[in-house]
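Here's a quick briefing on charged pairs and a bit of helix packing. Have a look at the structure first, then read on.

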Amino acid sequence: MTSTSPPPGLARFNALEERAALAALHEVCASTAWARRLLAARPYPTADDLYAASDAATAHLTAADLEEALAGHPPIGRPGPRDAAFAREQSGMAGAPDGLRAEMLELNLAYRERFGRVFLVCATGRTGEQLRDAVRERLGNTPERERGIVRAELGRINRIRLARLVDAEEDRRT
């Protein structure tokens, strides 16, 4: 007989008091609308259900909600001293030479000037050179195309962070 209960980490997340769950979701994504939508759909029977809810919530973000989500992300190569999660995600920039760091700063500024927001990319597993190439390529996009790419990248980042959240919850129990 198979069990129908969720994995331990997900069960723990499902059982969190609303304020604590909302805080945990805000660590994943700074959009209040996204977090509230995921909160309202609890409990999740499987991690895949949680990821699907995240994808749906990301797809339904308004322009203002998307900007709120992006406001929670530092520029590539410039996480703050308390941003351990961002530093881990952007680890491809950690050992980048000074020239590449300076180029990324210029490209981040050019992107912000062109699109009015931080450059967002799922940086996990990418090298500094790959991150540089991504921003170079995307600077040529139309604003409409870029909005779609940003939404897709945010969805990827949210999935990775949700998996980490559920795994972290599992780690606490073992």
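Let's start with a cluster: Glu-103, Arg-132, Asp-133 and Arg-136 are joined in a network of salt bridges. A salt bridge here is a side-chain nitrogen of Lys or Arg within 4 Å of a carboxyl oxygen of Asp or Glu. By that rule, the count is 10 salt bridges. Keep in mind that this is a predicted model, where local features need pLDDT of at least 70, side-chain atom pairs count only at pLDDT 80 or more, and totals for chains, interfaces and linings use all residues. Residues are numbered from 1 along each chain as its sequence is written, and side-chain values use heavy atoms, with hydrogens and water left out.

**Inside helix H8**

- One link to look at is Arg-136 with Asp-133, whose closest N and O atoms are 3.8 Å apart.
- Both residues sit in helix H8, three residues apart, or about one turn of the helix. (Helices are DSSP runs of H or I with at least four residues, strands are runs of E with at least two, and numbering goes from the N terminus.)
- Arg-136 is partly exposed at 41% relative accessibility, and Asp-133 is partly exposed too, at 36%. (Buried means under 20% relative accessible area, exposed means over 50%, and partly exposed is in between, using a 1.4 Å probe and protein chains only.)

**Inside helix H9**

- Glu-153 pairs up with Arg-156 in a salt bridge, with the closest N and O atoms 2.6 Å apart.
- Again, the spacing is three residues, about one turn, and both partners lie in helix H9 (residues 143-173).
- Glu-153 is buried, with a relative accessible area of 8%, while Arg-156 is partly exposed at 42%.

**Across the sequence**

- Arg-117 makes a salt bridge with Glu-67, and their closest N and O atoms are 3.1 Å apart.
- Arg-117 comes from the loop between helix H7 (98-115) and helix H8 (128-138), whereas Glu-67 belongs to helix H5 (residues 63-71), so this pair ties together parts that are 50 residues apart in sequence.
- Arg-117 is buried, at 8% relative accessible area, and Glu-67 is partly exposed, at 33%.

**The buried side of helix H1**

- Which residues of helix H1 (residues 8-15) are buried? They are Gly-9, Leu-10, Phe-13 and Asn-14.
- These four lie on the same side of H1 because they cover an arc of only 140° around the axis, with the arc taken from the directions from the helix axis to the C-beta atoms.
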